[in-house]
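Student: I'd like to learn how to read side-chain pairs and helix packing in a model. Can we go through a case together?

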Amino acid sequence: MAKEKRQRRQLSSFSILFIIIIILGIITRLLDGQPFTPQEVQGGTEIVDQVIGAKISDVIMSPFFGFRDALDISVFILVLGGFLNIVTKTGTLEAGIQHIVKKFKGNESMIIVVLMLLFSIGGSTYGMAEETIPFYTLLTATMVAAGFDTMVTVGTVLLGAGSGVIGSTVNPFSTGAAMDALRGVGIEPKVNVILIIGAVIWITTTIFSIILVTRYAKKVQADKGSTILSIQEQKAMEEFRKEGITDLKLTKQHKNILWIFALTFVVMIVSLIPWPDFGITIFEGWTSVLTGNSFGEWYFGDLAMWFFIMGLIIALIDKFSEKKIINGFVEGGSEMLSVVLIIVVARGVSVLMSTTHLDLYVLDQASGLLKGLSPVLFVIGSFALYLFLSFLIPSTSGLAYVSIPVMGGLASEIGLSPDVMIMIFAAGCGLINIITPTSGVVMGGLDISRVEYATWLKFIIKPLILMGLMILIILIGAMLIFS
């Protein structure tokens, strides 16, 4: 009873995010007028050189402007919820989950290994992050049916994709944006150096994460009492367990729907990879028939309508009535509303930072402190800086354009490798975005799996510190080798 009482006192994701917004607003008031080295605002000609104290209206309106900035992902998630609900109503997912669990009976941990490898590849190649949200719903029931707990789902998805993002190779939203930002200040990045360092970090973090999650999963499977979940979270998990009680046969129609279901996600992945950047033109033209954009140019708006179309096709195959189709999309969207609102408020943090120029001020102060340090201390200081900046600005591409012209230029100026700086940025962003409460992906995924943020921190904080030290050693070695 005492444990349940403590659990009820934990702050919700919304409360944590609103507290962060208020604190940042207060900080900007304290720093109002503080000067820093003038920098040109990305995408415009305005020159800013001081912090602007946030007004009450800035704080109050930041979630609204966050909603405006996150409109595309918000629509995608709502439509995605409808799509998943349509598929669920056909009974296909339940039958498919039972089939998978039976097939891997006695070797359930292989599900985790395979999925984490796939998520990791997605993270390293195209920055798989928001795209992981639908998998929380799908995999939670699967993991619970296999004898694991909901923490295994969170670890599989978040650490799988997160490991890939930490070791970004051709990720257009991380290393790609950073290289473009570096070229903007007249420095040509060495792509081969970035790929080598990224691959080493990617392999290291992925292996570490797989070992961490599989060990915990096996322990929970062997002894349910070893779960890290609170009593309240275990009760919520039972709802997922009940979904797999009915023994369903995987019919031919179920298999047909599963093929369409799989095709939907394959197209999502293929459409997001920036093929033109690799000189691949096979998808140009003919793949634009649906949305007007070819594969490689799709974003969340295109994906939203793709999932809508595929949801309709699945509903028609299962002979849904018009009313059942509409209700299916509406009910599914409503189930995702809390996730959307979390992402919106989280985006509001970044909006407030940008509006007040607090992000530029922190960057300017930190870069001044790093001058004159030895290569080892410079790497450590830069890595710590990106851990902090990424907490405030979860958007990797946004942070790249704000920071890399300064930090990459600084590294080049003092005779160090700006290419290694790009990987310091990528690894720092990826690492902190596994736990930052300002990330809608983190908070949204936890909300879907019904795992509290405090429980996730309890599970991941020590391994994350160890992972950070491993990455830091690789980055220091790279700076000494390539400078």
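Student: Is Lys-55 buried, partly exposed or exposed?

Tutor: The idea is to compare its relative accessibility with the cut-offs: under 20% is buried, over 50% is exposed, and in between is partly exposed. Lys-55 comes out at 48%, so it counts as partly exposed. Keep in mind that this is a predicted model.

Student: And which residue does Lys-55 form a salt bridge with?

Tutor: Asp-58. You look for a side-chain nitrogen of Lys or Arg within 4 Å of a carboxyl oxygen of Asp or Glu. Here the closest N and O atoms are 3.6 Å apart.

Student: How many salt bridges does a search of the whole structure find?

Tutor: It finds 3. Take the one between Glu-331 and Lys-89, with an N to O distance of 3.3 Å. That pair ties together distant parts of the chain: Glu-331 sits in helix H14 (residues 322–335) and Lys-89 in helix H4 (residues 71–89), 242 residues apart. Glu-331 has 35% relative accessibility, so it is partly exposed, and Lys-89, at 36%, is partly exposed as well.

Student: What about Arg-183 and Glu-188?

Tutor: Their side chains also meet in a salt bridge, at 3.1 Å from N to O. Arg-183 is partly exposed because its relative accessible area is 37%. Glu-188 has 54%, so it counts as exposed.

Student: Now for helix packing. At what angle do H10 and H21 pack?

Tutor: About 160 degrees, for H10 (residues 191–222) against H21 (residues 453–482), with the axes 11 Å apart. To put a word on an angle like that, use the cut-off: over 145 degrees counts as roughly antiparallel. H10 and H21 are therefore roughly antiparallel to each other.

Student: Is their crossing left-handed or right-handed?

Tutor: The crossing of H10 and H21 is right-handed.

Student: Which residues meet where H10 contacts H21?

Tutor: On the H10 side, they include Val-193, Ile-197, Val-200, Phe-208, Leu-212 and Tyr-216. From H21, the list includes Phe-459, Pro-463, Met-467, Ile-474, Ala-478 and Phe-482. Sorted by type, the residues of this contact are 18 nonpolar, 3 polar and no charged.

Technical notes: Residues are numbered from 1 along each chain as its sequence is written. This is a predicted model: local features need pLDDT of at least 70, side-chain atom pairs count only at pLDDT 80 or more; totals for chains, interfaces and linings use all residues. Side-chain values use heavy atoms; hydrogens and water are left out. Axes are lines fitted to C-alpha atoms, for helices over the stretch in contact, and angles run from 0 to 180 degrees between N-to-C directions. Helices (H or I, at least four residues) and strands (E, at least two) are DSSP runs, numbered from the N terminus. Angles under 35 degrees count as roughly parallel, over 145 as roughly antiparallel, 65 to 115 as roughly perpendicular and the rest as oblique. A crossing is left-handed if the near helix is turned anticlockwise from the far one by less than a right angle, and right-handed if clockwise. Contact means heavy atoms within 4.5 Å. Ala, Val, Leu, Ile, Met, Phe, Trp, Tyr, Cys and Pro count as nonpolar, Asp, Glu, Lys and Arg as charged, and the others, Gly among them, as polar. Buried means under 20% relative accessible area, exposed over 50%, partly exposed in between (1.4 Å probe, protein chains only).
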